[in-house]
Amino acid sequence: MTEKGSSMAAKGSAPEAEDSGPAVLEARVRRRVHSGLTVEAEFRTGSEIVVLFGRSGAGKSTLLRLIAGLERPDAGLVRLRGRTLFDGDRRQVEPLRTRGIGMIFQHDLLFPHLDAAANIRFGLTGWERRRADDRLAEVAALCGVSHLLGRRPATLSGGERQRVGLARALAPRPGLLLCDEPFSALDLEGRDALVDRLRLLHRAEGVPVLYVTHSPTEAIALGDRLLLIESGRVIADGPPLDVLASRSGMGLVGVRNVLRGVVAGHEGGSSRVAIDGGPELVVPRVDQPEGTAVVVSIRADDILLALGPVAGLSARNVLPGVVERLVPHGGEAEVVVGSGRVRWIVSVVAEAVSALALQPGVSVRMIIKARSCRVAAEDQPFAP
Amino acid sequence: MVETIGPLWLSIRVAAMATAAIVLVGLPTAIVLARGRFPGKGVLAGLLTLPLVLPPTVLGYGLLVLLGRRGPLGAVLERVVGGVPVFHWTGLVIASSVAAFPLFLLPARGAIEAVDPALEDAARLLGRREWAVLARVTLPLSWRGMLAGAFLAFTRALGDFGASLMVAGDIPGRTRTAAMAIYDAVEAGDPATAARLSAMIAAVAVGVLVAVQRTPASRGAGPT
């Protein structure tokens with residue numbers, strides 16, 4: 001264990017979200033996993049939605065499982081709302097059933113022999129009958145599964161199963177909700193709907209959420225705060241957009257704008273994609289028929305910025321926007337540009353920032369060649 | 001003339017009692033072997049499978065030595081309950097239980113191992129105690145495999161010959177089972193009786209198999 005993690009006092013100086021209030025979860029864990037990776041992380045979270053983001057094999061799921069108690073840390077301390085769940089020094093391990101943690105999984109893990117209602121009720125034993133009935137109705141409504149209560153998991157779609165799983169996890173009013181890439185097996189539309197629903201639930205139920213994902217779109221859409229995990233460690237911590245735009249986040253997403261949209265039409269060698277909450281983009285010809293939901297991915301350094309109106313340009317896409325934020329690092333800067341309801345990340349060299357006098361509030365035009373737009377049917381943030 | 005109905009009825013009763021005993025002992029054993037982690041587990045599992053590979057007469061002889069008046073277990077029984085199960089119908093139950101035990105244990109263990117442990121963890125995270133996890137998740141998801149094992153054990157116990165003969169003998173009206181009666185009928189030059197008994201015992205066994213096949217799969221779990 002490093003010296004940094006050896007006392008609680010030292011943890012007070014760890015970066016924290018400003019308005020998270022008292023810590024809900026305090027975790028300092030270390031575990032060597034079979035692959036040889038050592039997961040060693042220390043963080044505190046409040047009542048917000050915290051995203052654990054990193055590439056596959058970075059150790060983010062392991063971290064979640066260590067907190068849940070599904071795997072045991074080699075050393076460390078886990079406390080939830082002041083209650084000790086694990087203390088390596090005192091060899092204290094709270095059993096799973098008294099942790100008060102709700103969890104949803106990549107594979108829904110619903111009980112296949114029970115209908116949706118019995119699945120959701122599973123954690124409500126010991127509740128008085130009437131209260132349990134009320135709670136079941138309440139979470140079923142919140143999760144949009146009231147009409148599915150009599151159905152067995154095998155008869156439900158992937159999205160429906162995940163919503164039932166969510167209701168099951170929330171029913172006993174857990175002190176913390178852990179999500180282990182729960183929507184990654186769903187199609188894009190289902191994922192969007194669930195991400196929105198999870199945000200809503202977080203507000204309605206007031207339950208803190210720890211959410212593991214390797215999808216930047218999910219991280220940005222969902223997270224109040226993002227912990228960037230690499231090689232088992234937390235290497236950056238902050239608002240999702242800032243972390244993803246930072247030097248350390250860049251290597252992971254290649255600072256890439258990942259936008260959802262719908263194929264709007266085809267003309268010759270190109271197609272048009274209507275970006276959700278934004279303009280239409282001209283992209284290389286795609287095979288998907290009109291109306292298909294797609295993801296457009298554009299590298300941040302494939303976008304040019306201009307101050308005035310532009311003319312006589314070969315680039316097919318010119319989008320107006322306003323600079324919202326600058327994240328300088330080294331000789332470069334990430335510029336966050338708002339355009340419609342979409343926020344874009346644009347990479348420029350530091351000289352350009354001064355040459356164009358870029359600062360928040362400045363109106364700019366983003367110039368994007370059709371060829372720089374990559375279109376995929378699925379969310380494939382790491383595709384080259 | 002060898003009697004038919006008596007031995008057949010005795011065989012069915014013995015097989016039923018043996019099956020009950022096997023499930024009673026085998027269920028906890030299967031759970032321990034499927035989910036437990038302890039040193040010597042492999043050796044224990046191997047020992048419990050031994051009746052499947054030993055010749056039934058060897059198995060029966062071992063039991064006879066163990067349970068006889070001078071045997072280590074027999075001496076204790078003699079003192080405690082005042083008798084030994086040798087040459088007695090209880091000997092039939094013991095012999096056929098031991099011979100058929102692995103036929104329940106192996107599928108039962110397999111059925112439990114086929115239940116995703118992550119489902120059990122999910123149940124624990126939802127606040128359930130170990131026995132509730134077992135009763136509400138593990139067993140409901142594995143009972144079909146266990147039932148199949150129980151029927152297999154029943155049919156094996158129904159037809160046991162070698163082990164039963166060694167332990168309980170072939171006493172007409174007392175320990176003569178259907179399998180022994182068939183042998184005796186052939187010996188006595190009474191092929192008609194042998195054929196009749198064979199047909200009857202085959203009918204019972206096939207009936208049990210059909211019953212297994214017809215077990216409703218809807219509540220059952222199996223991986224989808």
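Helices here are DSSP runs (H or I, at least four residues), strands are E runs of at least two, and both are numbered from the N terminus.

A word on the ground rules: residues count from 1 along each chain as its sequence is written, and chains are lettered from A in the order in which they are written. Since the model is predicted, local features need pLDDT of at least 70 and side-chain atom pairs count only at 80 or more, while totals for chains, interfaces and linings use all residues, and side-chain values use heavy atoms, leaving out hydrogens and water.

Overall, chain B averages a pLDDT of 90, and 95% of its residues score at least 70. Residues 218-224 of chain B are another story: pLDDT stays under 50 there, and the model has 8 contacts (heavy atoms within 4.5 Å) beyond four places in sequence for them. Where pLDDT is low, the predicted coordinates should not be read in detail.

As for the fold, chain B has 10 helices and 0 strands. Its C-alpha atoms fill a box of roughly 65 × 45 × 30 Å along the principal axes.

The unreviewed UniProt entry annotates "transmembrane region" at residues 12-33, 45-66, 86-106, 133-154 and 193-212 of chain B. Such annotations may be inferred rather than shown by experiment, and the positions follow the numbering used here. Two of these spans look like this:

| Span of chain B | Helix | Strand | Distance between end C-alpha atoms |
|---|---|---|---|
| Residues 133-154 | 100% helix | 0% strand | 28 Å |
| Residues 193-212 | 100% helix | 0% strand | 29 Å |

Now for the partner chain. Chain B brings 18 residues to the contact and chain A brings 19. Together they bury about 1,900 Å², 67% of it on carbon and sulfur atoms; buried area is the accessible area (1.4 Å probe) that two parts lose on being put together, summed over both. Leu125(B), Leu126(B) and Arg128(B) supply 38% of the area that chain B buries against chain A, more than any other three residues.

Helix 6 and helix 7 (130-158) of chain B are the elements that give two or more residues to the side touching chain A. Helix 6 of chain B has the largest share, with 7 residues.

Definitions and conventions:
pLDDT = per-residue confidence, 0-100.
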